[in-house]
Amino acid sequence: MRMHEQDQKPNKAANHEGIRSLAVAFIVIAIFIAGAIYIGQRFYATEKEVLQQQCELNAKDSAREYDRCLLTRSNIVTVAGYTVDTMMKSGRDNHAILEYLTSETNYIVATLDPSTTGIYGLINGEYLDGSGWVPDADYVASERPWYIQTLESKREITFVKPYLDDQTETVMMTVTDLLSDNKSVIAMDVSLDPIQRIIEEVSSSTEGSQAFVMDAGGIVVAHSDRSQLGVNYLTTRDSLGHSIAERILGEGQMQFDLTTEEGDFSVYVDKLEGGWYSISLINTDIWYEPLQRTVVIVGVVLAVLIAVLTAVFLRLNAKNRALLRLHTRIDQEKRRGNELQALSETDRMTGLYDRVSGKRKVDELLANDVEGVFLELDIDNFKSINDTYGHQVGDRVILEVADALHHTFRSNDITMRLGGDEFGAFAVGITKQDMAEAIIHRMFHRLENIDIAELGDRKVSASVGAVLFTGKEKASFDELYAAVDSAMYTSKKISGNSLTFCKD
């Protein structure tokens, strides 16, 4: 019995050691399993963030091409509308106006867009066409969509509902300008084929992605799948396009995940001028397919690691390296997010860029030789308004002037509050003085129509200094600001809304 007990002691010790080893093995396995789950979750979260950023980038690339395509055209229509308006006010007849439209159309065809139909419009009750096109006898301009929609919108610049040209299979739209008599309209047709091309390029660059532009009525203006051009997604029930249109137009969502019979999608939306939407979507099943394969491989490796502890420790080392790379990637994304947040700083009162962020954005444009007009605006006799009517009324004047700037300039222009009653703006692509004057006088018109009951008959006016930057020489925000500040003080010597251009 005693020998039997002695024989049992090593067995018990071995059993205890085996239990301890098994416990250690289970702990190590549990640690590795927990680590694998954690890494998988972090990797999945990072991949999802990259997916959303790629989706956003695709939508913004399409939006940039939209802005580039329509920027020059809308500027042309703005200048033409201002010129015709001036001619009408000075008593010039329609014959003279037609000569101007013909000359402008010939210039556009020769220098900008050989395929354009030119500038046309209904002016003083008569249809005038700069390309020389003579309509049929039953053609009634006032019954055409471009005229009706412009009057309904009551906006100076209107992007008319697009249509699909059956002959060219190209989506066309019309940019119009409502003149000051609220009856005459200047218009120009624009081909959206450049947007179609960039959308196809953007979509092909990301596996499993689609991209399209849709108007406020659900009609597809451009699509990576050309068969979808002109389709109204609001009427195509039980389709992917209909589900997306319902989320955007019905619920106002701008970023969301969508599950349909066609698969799971991540969707990002960027709102464009004229109430249009640039939409990018990526099939998450395709996007995550490499990740799913990775998970399967890791599972197989983990099963091997359970049997071979040495492989487990080697795998742990590999996972640590992967985790380090993952942390580095997350830190880079966080830094990028902080930079974007810093760029989005705005003046709390007006919603415009503040001086710091506005200066930074203008300097970035200047460093890249982006042409445009820079201006400084100072409200006339603002101290008198504060002293006479109180600071609350003064604050309302500040807000109304900021609103005039917001509605005068485009979304890709830089508008800022420099401080107090002083504002600034950089209008991209405006390199001619007459174009700049047209925009600034439109802003003056808005200032003249500011209605604040406490001011009675007193009108709000401003003095403006401006300078054209053509990119021929390097310049900074501070240099342009110094130039326009001097010009603005010249404007101060003139009563009412006044504009002075810096000649140097």
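First, a term we'll need: a strand here is a DSSP run marked E, with at least two residues, and strands are numbered from the N terminus. Keep in mind as well that this is a predicted model.

With that word in hand, let's look at serine 280, which is found in strand E10. Serine 278 sits in strand E10 too, and that strand covers residues 277–283.

So, are these serines buried or exposed? Serine 278 has a relative accessible area of 0%, so we call it buried. Serine 280 also comes out at 0%, so it counts as buried as well; the cut-off for that word is under 20%.

What do they touch? If we skip residues up to four places away in sequence, serine 280 touches Cys55, Asn58, Ala59, Gln210, Ala211, Ser266, Val267 and Tyr268. For serine 278, again leaving out neighbours within four places, the contacts include Ala59, Ser62, Phe212, Val213 and Tyr268. You'll notice Ala59 and Tyr268 turning up for both serines.

Okay, zooming out for a moment. The protein has 504 residues, and 43% of them are buried. Its secondary structure comes to 13 helices and 15 strands. Now take the contacts with a separation of 6 or more: 62% of those are between residues 24 or more positions apart.

Next up, rings. How many aromatic pairs are there? The count comes to 9. One of them is tyrosine 120 with tyrosine 127, a tilted pair with 6.2 Å from centre to centre and 45° between the planes. Both of those tyrosines are buried.

Phenylalanine 212 is in strand E6, tyrosine 233 is in the loop between strand E7 and helix H5, and the pair links distant parts of the chain, 21 residues apart. Phenylalanine 212 and tyrosine 233 are both buried.

There's a cluster of rings too: ring pairs link Tyr120, Tyr127, Trp133, Tyr139, Trp146 and Tyr147.

Arginine 355 lies over the face of tyrosine 481, 4.9 Å from the ring centre. Helix H9 runs over residues 355–367, and arginine 360 lies in it. Arginine 360 has 26% relative accessibility, so it counts as partly exposed.

Last stop, the surface. Which residues make the nonpolar patch of about 330 Å²? They are Val296, Val300, Val304 and Val308. Valine 308 is found in the loop between helix H7, residues 289–307, and helix H8, residues 309–343. Its relative accessible area is 38%, so valine 308 is partly exposed.

That's my tour, and I'm happy to go back to any of these spots on the screen.

Terms used. Residues numbered from 1 in each chain as written. Predicted model: local features only at pLDDT ≥ 70, side-chain atom pairs only at ≥ 80, totals over all residues. Heavy atoms only, no water. Patch = residues over 30% accessible without salt bridge, like charges linked within 9 Å, V, L, I, M, F, W, Y side chains within 5 Å. Areas by Shrake-Rupley, 256 points an atom, 1.4 Å probe, with all protein chains shown as cover. Salt bridge = Lys/Arg side-chain N within 4 Å of Asp/Glu carboxyl O. Helix = DSSP H or I, 4+ residues; strand = E, 2+ residues; numbered from the N terminus. Buried < 20%, exposed > 50% of the residue type's maximum accessible area, 1.4 Å probe, protein only. Contact = heavy atoms within 4.5 Å. Phe/Tyr/Trp six-rings, centres within 6.5 Å; stacked < 30°, edge-to-face > 60°. Lys NZ or Arg CZ within 6 Å of the ring centre and 35° of its normal.
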